[in-house]
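This report goes through one protein chain, from its overall fold to a few local details.

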Amino acid sequence: SSGINAEYGAFLVGENAFLSCSVKNPDGITPTTNWYKVDAVSSTSTIVDSGHVTFNDANPGVSTLTFNNVALDKVGSYKCEAVYVIADVTYKRESTTASLKVRELTKKLEEYTGVTALGGSQ
């Protein structure tokens, strides 16, 4: 079985959204984790600012990608990569992808009563 896995998350616009990536390492070495946003069209990956990433010492092996007050532009696939280093030498890399879903909370039409839509002026 793979030593790394991630879960998808589904959130509403404005919520604090997160994805977690779990790393199981039998060698006892805690890896460095990087998160990348994957472009669906070009398949290229762009690293996510490390300010959004936390590695919880209380729960070793879990890296969390967090977006406070999430917006629709954060929707998509993210790759979590674990990099294992011994004495400055990278000896193993593993990665997995997770999907972040964000949707708007739709408002009922009744909430807009009293607002009149006007056509363009001539």
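Buried means under 20% relative accessible area, exposed means over 50%, and partly exposed lies in between, with a 1.4 Å probe and protein chains only. The model is predicted: local features need pLDDT of at least 70, side-chain atom pairs count only at pLDDT 80 or more, and totals for chains, interfaces and linings use all residues. Residues are numbered from 1 along each chain as its sequence is written, and side-chain values use heavy atoms, without hydrogens and water.

**Overall fold**

The chain has zero helices and nine strands. Helices (H or I, at least four residues) and strands (E, at least two) are DSSP runs, numbered from the N terminus. Of the 122 residues, 27% are buried. The chain exposes about 8300 Å², and carbon and sulfur atoms supply 51% of that. These areas come from the Shrake-Rupley method with a 1.4 Å probe; for residues, only the protein chains shown count as cover. A contact means heavy atoms within 4.5 Å. Among contacts between residues at least 6 apart in sequence, 59% join residues at least 24 apart.

Why is strand 7 largely enclosed by the rest of the structure? Five of its six residues are buried. Strand 7 covers residues 62–67. Strand 3 (residues 17–23) runs antiparallel to strand 7, and six bridges join the two. Strands count as paired if DSSP finds at least two bridges between them. In this pairing, Ala-17 stands opposite Phe-67.

Phe-67 also belongs to the largest nonpolar core, which has 17 residues. Such a core is a set of buried Ala, Val, Leu, Ile, Met, Phe, Trp, Tyr and Cys residues joined through side-chain atoms within 4.5 Å. Leu-19, Trp-35, Leu-65, Phe-67, Tyr-78 and Leu-100 touch the most other members. Strand 3, strand 7, strand 8 and strand 9 (89–103) each give two or more residues to this core. Leaving aside neighbours within four places in sequence, Tyr-78 is in contact with several residues, among them Leu-19, Trp-35, Leu-65, Phe-67 and Leu-100.

**Salt bridges**

There are two salt bridges in the structure. The term means a side-chain nitrogen of Lys or Arg within 4 Å of a carboxyl oxygen of Asp or Glu. Asp-73 and Lys-74 meet at 3.7 Å, N to O. In the other pair, the closest N and O atoms of Glu-81 and Arg-93 are 3.2 Å apart. That pair links distant parts of the chain: Glu-81 is in strand 8 and Arg-93 in strand 9, twelve residues apart.

| Residue | Relative accessibility | Class |
|---|---|---|
| Asp-73 | 53% | exposed |
| Lys-74 | 25% | partly exposed |
| Glu-81 | 10% | buried |
| Arg-93 | 52% | exposed |

**Loops and surface**

Val-75 lies in the loop between strand 7 and strand 8 (76–86). At a relative accessible area of 37%, Val-75 is partly exposed. Together with Val-13 and Leu-72, Val-75 forms a nonpolar surface patch of about 210 Å² accessible area. Patches take residues with over 30% relative accessible area and no salt bridge; like charges are joined within 9 Å, nonpolar side chains (Val, Leu, Ile, Met, Phe, Trp, Tyr) within 5 Å.

Neither is a glycine, yet phi is positive in both: near 50 degrees for Ala-87 and about 65 degrees for Asp-88. Ala-87 is exposed at 69% relative accessibility, and Asp-88 is exposed at 77%.
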